[in-house]
Amino acid sequence: MNFKKYCLIASLALFTQIGNAQEGLPIYSDYLTDNYYLIHPSMAGVANCAKVRLTARQQWFGVDDAPALFTLSANGRIGDSPSAIGAIVYNDQNGFHSQSGAYLTYAHHLMFSRNEIDLNMLSFGLSAGFIQYRLDQSEFFNEGFDPLVVPGDVEPSATNFNIDFGFSYHLIDFYAHATVKNILNNDGVNFNEQGLSFDNLRTYLISAGNTFSSYGSDWSYEPSIMYMYRDATEESSIDVNAKIYRAMDFGKLWGGISYRRSFDGAEFSEGSGVSSQKLQYFTPFVGVDYNNFVFAYTYSYQANSVVFNNGGFHQITLGYNFNCRKEKYECNCPAIN
């Protein structure tokens, strides 16, 4: 099956030159595999270790040109200061459309407690970067002349600059994050000939969670939620997550499940009537921290009656922690200690 052929009609209807409604770095469930920095810039350098994370995500095995995402991120403190830096590079392929991006991040962490034993910290983060969009039209001529494709402009591209800003708050075992992504409008790129504007890619993210454990137990439990709202389309969704940790001599075993539900439905014809459905994802994940190394596997399954393909999303996360300092907070806070 060829994914490019499947989305050809939609591509011609929605895009002229390079007009494309991609959002920058896509927001999946990567953050649950010890990678909150991917979605919240204020999480740069929040941990006792500097971190490097590599992710590879593939959708619908067996489908040609199906969506695929690769990310590489790194973040850490600047010496012993309360400031931190980070960087993210990524490549997102989706049929005819692709985007590549690179962000640099500065974060600052303010301690409110009298000492560092009791965790009470407010963090701010700002990311700035460039996103390059591409539209591969080379196969548009396979069926003959295409009046919407300008000869000699088979693979147009455009580059945008944008920024993300957010804050995080940690109080012992509790945490909360809020981030605005793609604050700037990107005029001239995300639009189509029908006049539908996609220049506003602002996305609002709010996350919160708490870790629970019994005194002296090797087990801990972390329920959390994430709410996402897209400004231009007024679409919203929520993630409800449950995560469990088991302390081991070599590090830690962990896993859990995430459920994503959209608040907005889509209508479709079914027999002689019209039905609707709302996007639903179930995402189980499992991982291990072995000394300073991190390995995780994530699988996402779309639980809807009408889907393009019954295959799911597979993702691998590889990580390495370095420049680690001694754990100094008396809290059950995996993202920090």
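1. A quick definition before we start: a cavity is a set of points, on a 1 Å grid over the protein atoms alone, where a 1.4 Å probe fits but cannot get out, and its lining residues have an atom within 4 Å of a point. Grid points are joined across faces, edges and corners, and a volume is the space filled by probe spheres set on the points. As for ground rules, this is a predicted model, where local features need pLDDT of at least 70, side-chain atom pairs count only at pLDDT 80 or more, and totals for chains, interfaces and linings use all residues. Residues are numbered from 1 along each chain as its sequence is written, and side-chain values use heavy atoms, with hydrogens and water left out.

2. On to the cavities. Searching the whole structure turns up five of 30 Å³ or more, and the largest cavity holds about 70 Å³ of space. Its lining includes the run Y37, L38, I39, H40 and P41, along with residues such as L25, I88, Y103, D164 and K181. Sorted by class, that lining has seven nonpolar, three polar and two charged residues. Here Ala, Val, Leu, Ile, Met, Phe, Trp, Tyr, Cys and Pro count as nonpolar, Asp, Glu, Lys and Arg as charged, and the others, Gly among them, as polar.

3. Is S207 buried or exposed? Its relative accessible area is 1%, so S207 is buried; the cut-offs are under 20% for buried, over 50% for exposed and partly exposed in between, with a 1.4 Å probe and protein chains only. L205 is in strand β8 too, and at 0% L205 is buried. L205 and I27 are 178 residues apart in sequence, yet their C-alpha atoms are 9.8 Å apart in space.

4. Now the disulfides, meaning pairs of cysteine sulfur atoms within 2.5 Å. The count is two. One joins C49 to C324, with 2.0 Å from S to S. This pair ties together distant parts of the chain, 275 residues apart: C49 is in the loop between α2 (8–14) and β1 (50–59), and C324 is in the segment after β14 (313–322). The torsion about its S-S bond is about 120 degrees, so this disulfide is right-handed. C49 has 17% relative accessibility and therefore counts as buried, while C324, at 38%, is partly exposed.

5. The other disulfide is formed by C331 and C333, with sulfur atoms 1.9 Å apart; both cysteines are buried.

6. Take a look at strand β13, residues 293–302. V294, A296, T298, S300 and Q302 make up its covered face, and F293, F295, Y297, Y299 and Y301 its uncovered one. In a regular strand the side chains alternate between the two faces of the sheet. β13 runs antiparallel to β14, joined by eight bridges (two strands pair if DSSP finds at least two bridges between them), and S300 stands opposite F313 in β14.

Conventions: On a 1 Å grid over the protein atoms alone, a cavity is a set of points where a 1.4 Å probe fits but cannot get out, and a pocket is an open set with protein on both sides within 12 Å along at least five of seven lines; lining residues have an atom within 4 Å of a point. Helices (H or I, at least four residues) and strands (E, at least two) are DSSP runs, numbered from the N terminus.
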